[in-house]
Amino acid sequence: MASWLPETLFEIFRQGSAPSKDYYQVSVTRSQVIFRWWKISLRSEYRFTRPGEVKESHKDFLQNAHLQVQVALALGAGILEYICNLCEGKFDFLERLPDSLLLRIVSHLDLEDIARLSQTSQRFSKLCKSEALWERIVRAACDHVSPDLRALAAQVGWRQTFFTNKLQLQRQLRRRRQRQGGHRKGAP
């Protein structure tokens, strides 16, 4: 399976936490972890500080507690944990799938499973709340999506449209048609 992996497994760029303006980069390739930093300061003692770089094999990175602390301070404990998992050969292939494919998969889940999945990571939370997912779910649940329903969904959102009961939805569609009819009658 490792041959399916790209050369660069993970890469992140981030500015340090305030008040620091320092800039950090970590790249994890198939064979090594590369940690780079740029000191950015107006203070005279840092004016001529050069960028730094450390390259370690996965095994050496896992044994280098000092470097791990630097990565955690610069990029956060969650990023460090993810990098350590990659170095140990624990690849999250699901995380590597594009959003369009994940939306397709998630749209086939039960509502309870979508709710649980949304609690697993920020990425899945965002996907499970996305309008694209709820549009897919509404379209799968309805025999026909009328132009009025599409317009209402554009106004209130596909998720809200899905969770609105049938009677409320019919009332909202009727009100929308009446408002549009009133606008058309008053038009010159």
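1. In this predicted model, the secondary structure of the chain amounts to 10 helices and 4 strands. Read from the N terminus, the order is β-β-β-β-α-α-α-α-α-α-α-α-α-α. The radius of gyration of the chain is 25 Å, well over the 16 Å that the globule rule gives for 188 residues, so the chain is more spread out than a compact globule.

2. Taken along the principal axes, the box filled by the C-alpha atoms is roughly 75 × 45 × 25 Å. Of the 188 residues in the chain, 31% are buried. Where contacts join residues at least 6 apart in sequence, 41% of them link residues at least 24 apart.

3. The side chains include 30 positive and 19 negative ones, with the centres of the two sets 11 Å apart.

4. Helix 2 covers residues 65-75, and its residues Leu67, Gln68, Val71, Ala74 and Leu75 are buried. Viewed down the axis of helix 2, the buried residues fall within an arc of 135°, so they line one face of the helix. Ala65, His66 and Leu73, on the other side of helix 2, are exposed.

5. What do the buried residues of helix 2 pack against? Their partners are strand 1 (8-15), strand 2 (23-29), strand 3 (32-38), strand 4 (52-57), helix 1 (58-63) and helix 3 (77-87). Gly76 follows helix 2 and has a positive phi, near 105°.

Methods: Residues are numbered from 1 along each chain as its sequence is written. This is a predicted model: local features need pLDDT of at least 70, side-chain atom pairs count only at pLDDT 80 or more; totals for chains, interfaces and linings use all residues. Side-chain values use heavy atoms; hydrogens and water are left out. Helices (H or I, at least four residues) and strands (E, at least two) are DSSP runs, numbered from the N terminus. The radius of gyration is taken over C-alpha atoms; the globule rule is 2.2 Å times the number of residues to the power 0.38. Buried means under 20% relative accessible area, exposed over 50%, partly exposed in between (1.4 Å probe, protein chains only). Contact means heavy atoms within 4.5 Å. Lys and Arg count as positive and Asp and Glu as negative; His and the chain ends are not counted. The place of a charge is taken as NZ of Lys, CZ of Arg, CG of Asp or CD of Glu. The arc is that of the directions from the helix axis to the C-beta atoms.
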